[in-house]
Structures are given as structure tokens and as C-alpha cells.
Amino acid sequence: MSDSSEVQFEAKDGVGVITLNRPKANAYDPAFMARLLESVKAADADPAVRVVLIRSALPRFFSGGADVKAFAHNTTDTNRALVLDARAVLAAIEDSGKVFIAVIAGHALGGGLELAMGCDLRFAADGEYQLGLPEVRLGLMPGNGGAVRLPRLVGVSRALDLLVTGASIGPAEAYRIGLVDRLLPVNELEQAAIAYAQALADGPAEAIAAIKRCVYLGADLSFDHALALESECVDTLYDSADAAEGMRAFAEKRPPVFTGQRSLDLTPVSENH
């Protein structure tokens, strides 16, 4: 049975932190996923939160994904419902105008790696743990975006190799192929992630939301249509308070002080895929 202590959300200085804490491996069950979705939505709805970290309180696991033993004994309908719950979490992350960062210091396998890939960025600790999508070894395949997001991160050939073999890789290899964006000593990981998040939180939230929209939607468009989308996004920013402050600060040779207010009416990303 999951409870609110297994997924905790807190916010400080513009940075939201969602902590997974379901021993032994942050394995999914319906209540756990419901609480995770609730936390993601709470972070997105909080105007004081501008960047969100997803981290694990467990020393060995970021997340092992679905509980395979439970999955094996569930009905097909129950398992499909759990996958739908997991998809809802990643859709909420993708639709948010805020940047979500996965902070990985332990095994990220199956749905756990899919959660990390669903975040906008991935910061990883160097160490002796594994990242992978082993579903094929169960006669299955990833069901929460793994077979779609992995090729977009690491390229088609590398992704296909990892998907059809179910092989896992260490964090150094994950960094080399572009699966993770930062590789840091374990004792520096969280501090570096918080510092990065804080820098973004102090930035222009409306521009960051527009960039996220343009990057995700533009990736699925033709070149000309993507350029049109970029024009649409930047046109919304010219008269914003943050743009005025940014240009004024540049002229006055001082650091800008952005309000962090976001007023863009962004079309949810998932509705355009």
C-alpha cells in the first residue's frame, strides 16, 4: 500500500523537489503513481515553483519501474491501467511550462528510466549502477514512451540495440551516448542539480516555457513549420515584463531581476503530438 510519505513534494526558493521513497526500489503501484501525478500537478500549479527536481531517497535505486512480481500476477486490465497512470505522469511533465530534472544516483530501469527520460533533463552521479529498458527479456517492450524517447535521445541504432537486447549500461556510458546530460561525482550531484535549478528559477519563466514548447513541438514539425512555431513563440515575448527587464538590465550593465511571472497561454505539448 502506498501513502503520501512514499512520494513527497516540497518547494523552496523557486525550486520544487519531488522525492521518491518507496523501498526497496521505488517500484510502481497504482497508489504510488497517483501520488506522483498529484505531486507533478502540484509543482506545475504552484506559481512560486519554476523548476522541479525528481530525486530518490533510496541509496541504490532511482526507480526500478513496475513491480514485476505484481505485474506477473495482475490481470491484463490492471496492468494496462497502471501503464496509463504512468503515461499520465509523463504527459503532465511534458505539458508543463516548467523544466523538470531527473536526479539519478541509483538504478533506473524499465519504467524508472522512462520516468527519467520523460523529464526535460537528466543529471546523474558516477557510480556502479545501471540504466536500461529490460522489458524485452520479459517478452514485452516499453509502454511508457521508452521506445520513442530513447531513439530521440541517443539515436536510432543505439536505441534499437539497447531495446532489442534489454541491455543495461552504466552512467558513464549513458553520458557518453547522450542519455544523461550531466555526469557528476555522487557527493556533488544534488548540490549541482539544485544550483542549476536555482539559476533557472531566477530566470525568465515565460521565455523558458516558450523555449520548452518550441523545442518539443518543433521536433515533430517540418523545418519550415518549426521556424513558424519559433516565430509564434518569440512574438509572445517581445512585450513581456521579463523581456523589458532583460533589455533594460543589459543597457544599464547590471544583472537582470526577472519577476518569473508566466502569462503565456501554452497549448499542451501532448495534444500536439
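Predicted model: local features only at pLDDT ≥ 70, side-chain atom pairs only at ≥ 80, totals over all residues.

Trainee: OK, what order do the strands of the open sheet have?
Mentor: The order is β1-β2-β3-β5-β7-β10, 6 strands with mixed pairing. Strands here are DSSP runs of E, at least two residues, and helices are runs of H or I, at least four, numbered from the N terminus. Two strands pair if DSSP finds at least two bridges between them.

Trainee: And which strands stand at the edges?
Mentor: β1 (7-12) and β10 (182-184). Each has a single partner strand, so one side of each is left without a neighbour in the sheet.

Trainee: Let's zoom in on β2. How many bridges join β1 to it?
Mentor: 6 bridges, and β1 and β2 run antiparallel. Phe-9 stands opposite Ile-18 in β2. The hairpin of β1 and β2 has 2 residues between the strands, and Asp-13 takes a positive phi near 55° there.

Trainee: What about β2 and β3, parallel or antiparallel?
Mentor: Parallel, over 6 bridges, with β2 at residues 15-20 and β3 at residues 51-56. Gly-16 has Val-52 in β3 as its bridge partner. Leu-20 stands opposite Ser-56 in β3.

Trainee: How many β2 residues are buried?
Mentor: 6 of its 6. Buried means under 20% relative accessible area, exposed over 50%, and partly exposed in between (1.4 Å probe, protein chains only). Val-15, Val-17 and Thr-19 cover one side; Gly-16, Ile-18 and Leu-20 are on the other.
Mentor: In a regular strand the side chains alternate between the two faces of the sheet.

Trainee: New topic. How many disulfides are there?
Mentor: The count comes to 0. A disulfide is a pair of cysteine sulfur atoms within 2.5 Å.

Trainee: Is Cys-214 buried or exposed?
Mentor: Cys-214 counts as buried because its relative accessibility is 16%. Cys-233 is buried too, at 5%.

Trainee: Last one. Where does Ser-96 lie?
Mentor: In the loop between α3 (76-95) and β5 (99-104). Ser-96 counts as buried, at 3% relative accessibility.

Note on methods
Residues numbered from 1 in each chain as written. Heavy atoms only, no water.
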